[in-house]
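Subject: A structure for you to look at

Hi there,

Here is the structure I promised to pass on. Have a look at it first, and then read my notes below.

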Amino acid sequence: MFEISVCIPSHDRGENGPIWMRQLLNSLKVQTFQDFDIVISDQSKNDLILDVCKEYSDNFEFTFVRYTGTNACENINIALDNCTGKIVKIMFSDDIFVSPKALEIISEEYKTSNCKWVFSGFCGTKDGVSFYDQKIPKWVDYTLEGRNLLSSPSIVSFLNDCKVNFDLNLKLLLDTDFYHRMRWNNGLPSIIPDVLVANRDHDNRISSQSTSQYDCVVEHPEGGWMMNSKELKYIQEKYSEFIENRKYPDEN
């Protein structure tokens, strides 16, 4: 069994898909920590991503699954279900590791702390070469409703036996719903301040595809944010008891 399973849910990103996947795999190729396998669940209707994986078959051990459905969260869950490593590191196929020591630092965090899940510092990129807007993740109130200062799932890792699945009913709040349940089950995450991952800024991200569905504002003393009323109502009903008290088990 590998120490880490790098979990990559992918879908058809047109001509950019193979380019971005190669950049991600190249950023894995130079990692100082190599005790990992790669699990890909591909939602594409073509073989572009599969062909890229074949190019790297001598470098990595792949598990490749073809997902024929249309639900992005189900695609993520299939990839998660096929991970066998002690630690699972999610990486969306458009994102990239910016540090060659990323997996080494993540692995060391689990060895030196009692954490069950971990976030790292992150930044943005458009081309996978230049990076900007470095940030350190932060848990804040109203994370569940979309006040997300933790960033995308590409910034998180977790022990395999502590994972939860993503909610198939969500798009805009798929990440914060996941983070909420992870915290409820496992306590606060550990935060690595080092910038290890870059989120790619483009118009074909899962959240970007849903921006037209923003139709309400969640009010907060430190500033509101746009949200989809249907997803917000779903979250409020799903977690009505928590929202009434806003306390996690680790806060008792």
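Is T176 buried or exposed? T176 is buried, with a relative accessible area of 1%. Here, buried means under 20% relative accessible area, exposed means over 50%, and partly exposed is in between (1.4 Å probe, protein chains only).

Before going on, a word on where the values come from. This is a predicted model, in which local features need pLDDT of at least 70 and side-chain atom pairs count only at pLDDT 80 or more, while totals for chains, interfaces and linings use all residues. Residues are numbered from 1 along each chain as its sequence is written, and side-chain values use heavy atoms, with hydrogens and water left out.

Back to T176, which sits in helix α5 (residues 174-186). Leaving out residues up to four places away in sequence, T176 touches T143, L144, G146 and N148; a contact means heavy atoms within 4.5 Å.

Now the whole protein. It has 7 helices and 11 strands; these are DSSP runs numbered from the N terminus, with helices being H or I of at least four residues and strands being E of at least two. The radius of gyration is 18 Å, close to the 18 Å that the globule rule gives for 252 residues, so the protein is as compact as a globular protein of that length. That radius is taken over C-alpha atoms, and the rule is 2.2 Å times the number of residues to the power 0.38. Along the principal axes, the C-alpha trace spans about 55 × 40 × 35 Å.

Of the 252 residues, 54% count as buried. Among contacts with a separation of 6 or more, 76% come from residues 24 or more positions apart.

What lies in the interior? The largest nonpolar core has 67 residues, and V6, L28, I38, L103 and F158 touch the most other members. Such a core is a set of buried Ala, Val, Leu, Ile, Met, Phe, Trp, Tyr and Cys residues joined through side-chain atoms within 4.5 Å. If you pick L28 and leave aside its neighbours within four places in sequence, you will find contacts with V6, Q34, F36, I38, F60, F97 and L103.

- G85 is in the loop between α3 (72-81) and β4 (87-90) and counts as buried at 1% relative accessibility. G85 and N160 are 75 residues apart in sequence but 6.8 Å apart in space, C-alpha to C-alpha. Not counting residues up to four places away in sequence, G85 touches M1, F2, E3, I4, S5 and N160.
- I192 is in strand β9 (residues 190-200) and is buried, with a relative accessible area of 3%. With residues up to four places away in sequence not counted, I192 touches I105, I106, E109, V118, F119, S120 and G121.

Finally, some backbone angles. Most residues other than glycine have a negative phi. Y142, however, has a positive phi near 65°. Y142 lies in the loop between β7 (131-135) and β8 (156-159) and is partly exposed, with a relative accessible area of 28%. R246 also has a positive phi, near 50°. R246 is in the segment after α7 (240-245) and is partly exposed at 25% relative accessible area.

Happy exploring!

Best wishes
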